[in-house]
Amino acid sequence: MGVTSTPTHETDTQDAVVSAQAEKPPRPRTRARHRRWVLLSVLVLLLGGAVAGDAYLWQVSEAWIERDGQWQVHARSLTTSLGETTTELQDTMAELEVVRGQLDQAQTRISDLADEKAQLGDEHAVVRQLAEYQERVQTAATAVVAALDSCIASQQRLIRWYRDTEEPTDEQLVVLAELGESVGAVCTAAQEAKDALAEELDG
Amino acid sequence: MRRPAPASAVVGVLVLALCGACSALPEIPPMPDGPLPTAPTPTASFDPAAAVRNDLSPDGFDVAERISVRVRNLGCFSLSTGSGFAVGETTLVTNRHVVEDSAELALSTYDGRDVGVRAASIAELADLAVVRTDGELPAVPELATEDPERGDTITVVGYPQGGRLTVTSGRVIARTTDPLNLHLGEVLVTDALVEPGSSGSPALDRRGRVVGVVYAMNEAEQSFIVPVSTLHELLEDDDAFKPVKEESFVCD
């Protein structure tokens, strides 16, 4: 308790000594203490850095865990959706195959119907042409019949005239000759028409 | 100064290094914003409408089939059939001998649709004819710019024997002068099997372009084709085709 004071002369003596030794290198003891201080500071800083790094990594880890959970949920959702889509795709592909088959059948049917229509068209054209030909033949035959009727009627009229006239005059004979020529022309025309028709029918 | 000064510098450097390391650390990855992807993103776009416009027909028939036309030549007490193909919306090409001596021409398409005939013209220098139609033809092919070479594959689409629309293939085996003397210049010889009624059928290359017109066959089952170069020359010549006289369409 009472031994705290230090003689003044001793302090002065020490200061004198320290000042006298300031120009000299620090003593090993002081240097060691300084090194410990530096080492301690470095360790503290490293410890601080390590703690900060741990905190950062911990936060990152937590964030990744949370994100991983979200992705897993989403991946499961996508997997389910993919499965449904794959099933729908397979169903659609199956339907597509069915539709393709139906399209092939429809195309075949269209081609068949087009061919049938063309064949019927050919037959119809031939029949129509034949009908037109028969109509022309019928018209020609009617004309031949009419000409032959006219020939027969003229000849009958000429026969009646000969029968009803016992003694014809000269004028009557001239008229009779003209009538005979006319009847001959009519009958010749009728004969020619008949021959032409017969030739057409034979051809 | 005294010895502790370098030690303080070391500590300062360490502090700065730690601060630098902290600042160099990446930020915590952000959580995804908005909805996550719900479906795979297609790597290529597909436009069904464009596909229909370019490659597909409304009814699924090939262009080669849609360009082909059946020609019925109703003569005076005779009927013959041939083939033809569109070169324009209302213009088709066939053989001269398919439309000659006709009292009535009738056209029908691959799907059985009838197309009226407005006029017909025939070429004098080749067994070719052009028929103008009243209605539009289903499809118009592209004409090749060059004749096929020997060995090239061709496809013939027509109505052999006046029957169903038929597609046959073969190869060009030679060039020769016309054995029937119907054609001025060389024609192509192919091994594509054709029959009566195939006359006027288009010969198509691999790309579906017209490279010739079938006009004859021989006993060796070889077919003869008017090359597309001749077709080009005649189509570009205004005087190459002479109209068929209307009188020839009427039977006496």
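Trainee: What should I know about the model before we start?

Mentor: This is a predicted model, where local features need pLDDT of at least 70 and side-chain atom pairs count only at pLDDT 80 or more, while totals for chains, interfaces and linings use all residues. Residues are numbered from 1 along each chain as its sequence is written, chains are lettered from A and ligands numbered from 1 in the order in which they are written, and side-chain values use heavy atoms, with hydrogens and water left out.

Trainee: What makes the pattern of chain A α-α-α?

Mentor: Helices are DSSP runs of H or I with at least four residues, strands are E runs with at least two, and both are numbered from the N terminus. Chain A has three helices and zero strands, and reading along the sequence gives α-α-α.

Trainee: How do you know that Cys151(A) and Cys187(A) form a disulfide?

Mentor: The criterion is a pair of cysteine sulfur atoms within 2.5 Å. The sulfur atoms of Cys151(A) and Cys187(A) are 1.6 Å apart, so the pair meets that definition. A search of the whole structure finds one disulfide over all chains. In general, a disulfide is a covalent bond between the sulfur atoms of two cysteines.

Trainee: Why is this disulfide of Cys151(A) and Cys187(A) called right-handed?

Mentor: The torsion about the S-S bond is about 100°, so the disulfide is right-handed. Cys151(A) lies in helix H2 and Cys187(A) in helix H3 (residues 170-202) of chain A, so the pair ties together parts that are 36 residues apart in sequence.

Trainee: Are Cys151(A) and Cys187(A) buried or exposed?

Mentor: Buried means under 20% relative accessible area, exposed over 50%, and partly exposed in between, with a 1.4 Å probe and protein chains only. Cys151(A) is at 7% relative accessibility, so it counts as buried. Cys187(A), at 13%, counts as buried too. Across chain A, buried residues make up 15% of the 203 residues.

Trainee: And what makes Leu39(A) count as exposed?

Mentor: Leu39(A) sits in helix H2 (residues 28-164) of chain A, and its relative accessibility of 52% is over the 50% limit, so it counts as exposed.

Trainee: Let us turn to chain B. What makes E10(B) largely enclosed?

Mentor: Four of the five residues of E10(B) are buried, so the strand is largely enclosed by the rest of the structure.

Trainee: How do you know that strand E9 and E10(B) pair?

Mentor: Two strands pair if DSSP finds at least two bridges between them. Strand E9 (residues 166-177) of chain B and E10(B) share five bridges in the antiparallel sense, and Thr177(B) stands opposite Glu186(B) in E10(B). Three bridges join E10(B) to strand E13 (residues 223-227) of chain B, again antiparallel, with Thr190(B) opposite Ser223(B).

Trainee: Why is Ser199(B) called buried?

Mentor: Its relative accessibility is 13%, so Ser199(B) counts as buried. Ser199(B) lies in the loop between strand E10 (186-190) and strand E11 (202-204) of chain B. Contact means heavy atoms within 4.5 Å, and, not counting residues up to four places away in sequence, Ser199(B) touches several residues, including His97(B) and Tyr215(B).

Trainee: Which are the edge strands of the open sheet in chain B?

Mentor: Eight strands form that sheet in the order E5-E4-E1-E2-E3-E7-E6-E14, with antiparallel pairing. The edges are strand E5 (114-115) and strand E14 (241-243), as each pairs on one side only.

Trainee: What is the phi of Asp101(B)?

Mentor: Asp101(B) has a positive phi of about 50° although it is not a glycine. At 68% relative accessibility, Asp101(B) counts as exposed.
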